[in-house]
Amino acid sequence: MHIGLLHSRIRVEERLLIEGFAARGIDVQPIDLRDVVFDLVDPAPWRDFDVVIDRSLSLTHSSAAVRILETLGVRCVNPAAAISTCADKLSTTLALVRAGVPTPRVTVGLSEQSALRAVEALGYPAVIKPTLGSWGRLVARANDKDCAEALIEHRYTLGGVHHHVLYAQEHIDKPGSDVRVFVVGGSSIAAIRRHSTHWVTNTARGARAEGHAVSPELADLCRRAVEAVGADIAAVDILECPRRGAFVNEINHSMEFRNSIDTTGVDIPGAVVEHVLRIAQVSKETELQTSAGQTSTLRVRQAGMPVAGAVR
Amino acid sequence: MSQTATLETTCPECAASITPPRRVLAGEVLRCPGCAAELEVTSANPLHLALAPEVEEDWGE
Ligand SMILES: Nc1ncnc2c1ncn2[C@@H]1O[C@H](COP(=O)(O)OP(=O)(O)O)[C@@H](O)[C@H]1O
Ligand SMILES: [Mg+2]
Ligand SMILES: [Zn+2]
């Protein structure tokens, strides 16, 4: 078995994954995306990888690399379609709405004028977010019209064009915390509750995490959420409304877990490694079966590429 | 797998001497105890450090 791991920095997460593969005797190759030249018609350098797992910090790099590798016939975790759906909050919401997964109500305005109407349609407080973004950056709560107008004017004046798609979300009156569930191959393997005195509860913003037991209902909700976006491995953020129950807020395709291992007592990197190896096994078998037909690896894997959800 | 703390280099920002606490991999980021700069390991053996790039707008989970 030969696994590639795409990275920019090697954070604790990447080191634990590399060590996890190595501990199982698996040949894992860290690939710094800043060093690679991709030849779009030459799959040869990639032929030996049974799976490539993407752990780049840069969405731009991940998305370019994984799209190219899939076209060259390499099974990637997560798949390119899942990365693009998860990375863009509008795409995530659309996928959840299509799949009938409960998610907070979202309105979208494309001009400064319609943006304000989109927010007003939700009422206050309302949440405004960049469609591309992470770690709680630029996630804003407008408590009244003055605030909404100011936020919108700033986005349209100072922001790049992708800030001109105004994504407004109803505010969920969560109880001082939200829940993050780590979902691997459709199973909820661990979860944390993130507490903060601030309404933004990202751990990157200082929230305190504690282990959280996943109920069967929550596990089912998370399974449907990752299925909706096609992710093999993801962290699902849940907002709980005391009156209306649990909503899927967003899904992270390249989850950070370093602070959740001790908190939950679950070997999260171990579970990720095991699942990647299961996918690699399927990927290898598919290739062996079809290579009897004497086609190139490129064509074989395109025809029979195991997709997310095929391995549970 | 053995050479813990046998590699040493200096901080490119403040020239403090740096010895990683354990075996490091290329791509890891260390913080300089002298000036708190974030330093990326550009080569693990021999140890080379460079100022780590700033966080970009598209970085995240
Ligand atoms: N609609 C909302 N209602 C209440 N809290 C929210 C809402 N949207 C986001 N938050 C808070 O802000 C945090 C960051 O928002 P999120 O949509 O997860 O963006 P990011 O991708 O930056 O993590 C969430 O973890 C949650 O604490
Ligand atoms: Mg989040
Ligand atoms: Zn220094």
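**Testing the labels**

Mentor: Start with the zinc ion (ligand 3). Its 4 donor atoms subtend angles of 105 to 112 degrees, which makes the arrangement tetrahedral. Keep in mind that this is a predicted model.

Trainee: What makes angles of 105 to 112 degrees tetrahedral?

Mentor: Four donors count as tetrahedral if all angles lie between 85 and 135 degrees. The angles here run from 105 to 112 degrees, so the label holds.

Trainee: Which atoms are the protein donors of the zinc ion (ligand 3)?

Mentor: They are the SG atoms of B:Cys11, B:Cys14, B:Cys32 and B:Cys35. They lie 2.3 to 2.4 Å from the ion. A donor must be within 2.8 Å of a metal such as this, so the cysteines qualify. Along the chain their spacing reads C-x2-C-x17-C-x2-C.

Trainee: Why do we say that B:Cys11 and B:Cys35 tie parts of the chain together?

Mentor: B:Cys11 sits in the loop between β1 (9–10) and β2 (17–18) of chain B. B:Cys35 sits in the loop between β3 (29–31) and β4 (38–43) of chain B. These parts are 24 residues apart in sequence, so the pair ties them together.

Trainee: Buried or exposed: how is B:Cys11 classed?

Mentor: Buried means under 20% relative accessible area. B:Cys11 has 3%, so it counts as buried. B:Cys35 has 31% and counts as partly exposed, because that class lies between the 20% and 50% limits.

**The sheet of chain B**

Trainee: Which strands form the open sheet of chain B, and in what order?

Mentor: The order is β3-β4-β5, with antiparallel pairing. The edge strands are β3 and β5 (48–51) of chain B, as each pairs on one side only. The twist averages 45 degrees from one strand to the next.

Trainee: How do you know that β4(B) and β5(B) pair?

Mentor: Pairing needs at least two bridges. β4(B) and β5(B) have 4 bridges, in the antiparallel sense. One example is B:Glu40, whose bridge partner in β5(B) is B:Ala50.

**The magnesium ion and its strands**

Trainee: What are the protein donors of the magnesium ion (ligand 2)?

Mentor: A:Asp237 (OD) and A:Glu250 (OE), lying 1.9 to 2.4 Å from the ion. The limit is 2.8 Å, so these atoms count as donors. A:Asp237 is in strand β12 (residues 233–241) of chain A, and A:Glu250 is in strand β13 (residues 245–252) of chain A. The two residues are 13 residues apart.

Trainee: Why are A:Asp237 and A:Glu250 called buried?

Mentor: A:Asp237 has 2% relative accessibility, so it counts as buried. A:Glu250 has 11%, so it counts as buried too. The cut-off is under 20%. β13(A) is mostly covered, with 6 of its 8 residues buried.

Trainee: How many bridges join β12(A) to β13(A)?

Mentor: There are 7, and the strands run antiparallel. Pairing needs at least two, so they pair. A:Glu240 has A:Ala246 in β13(A) as its bridge partner. The two strands form a hairpin with 3 residues between them.

Trainee: What makes β11 (208–211) and β13 of chain A edge strands?

Mentor: Their sheet is open, with 5 strands in the order β11-β10-β9-β12-β13. β11 and β13 each have a single partner strand, so one side of each lacks a neighbour in the sheet. Neighbouring strands are turned by 30 degrees against each other on average, direction ignored.

**A:Arg194**

Trainee: Where is A:Arg194?

Mentor: In strand β10 (residues 187–195) of chain A. β10(A) pairs with β11(A) over 4 bridges, in the antiparallel sense.

Trainee: Why is A:Arg194 called buried?

Mentor: Its relative accessibility is 3%, so A:Arg194 counts as buried. Again, the cut-off is under 20%.

Trainee: What makes the approach of A:Arg194 to A:Asp237 a polar contact?

Mentor: Their side chains meet at 3.3 Å.

Notes:
Residues are numbered from 1 along each chain as its sequence is written. Chains are lettered from A and ligands numbered from 1 in the order in which they are written. This is a predicted model: local features need pLDDT of at least 70, side-chain atom pairs count only at pLDDT 80 or more; totals for chains, interfaces and linings use all residues. Side-chain values use heavy atoms; hydrogens and water are left out. Buried means under 20% relative accessible area, exposed over 50%, partly exposed in between (1.4 Å probe, protein chains only). A polar contact is a pair of N or O atoms within 3.5 Å; within protein, one must be able to donate a hydrogen and the other to accept it, and residues adjacent in sequence count only if both atoms are side-chain atoms. Donors are N, O and S atoms within 2.8 Å of the metal (3.2 Å for Na, K and Ca); water is not among the atoms, so sites may look incomplete. Four donors count as tetrahedral if all angles lie between 85 and 135 degrees; four count as square planar and six as octahedral if opposite donors are over 155 degrees apart and all others between 65 and 115; anything else is irregular. Axes are lines fitted to C-alpha atoms, for helices over the stretch in contact, and angles run from 0 to 180 degrees between N-to-C directions.
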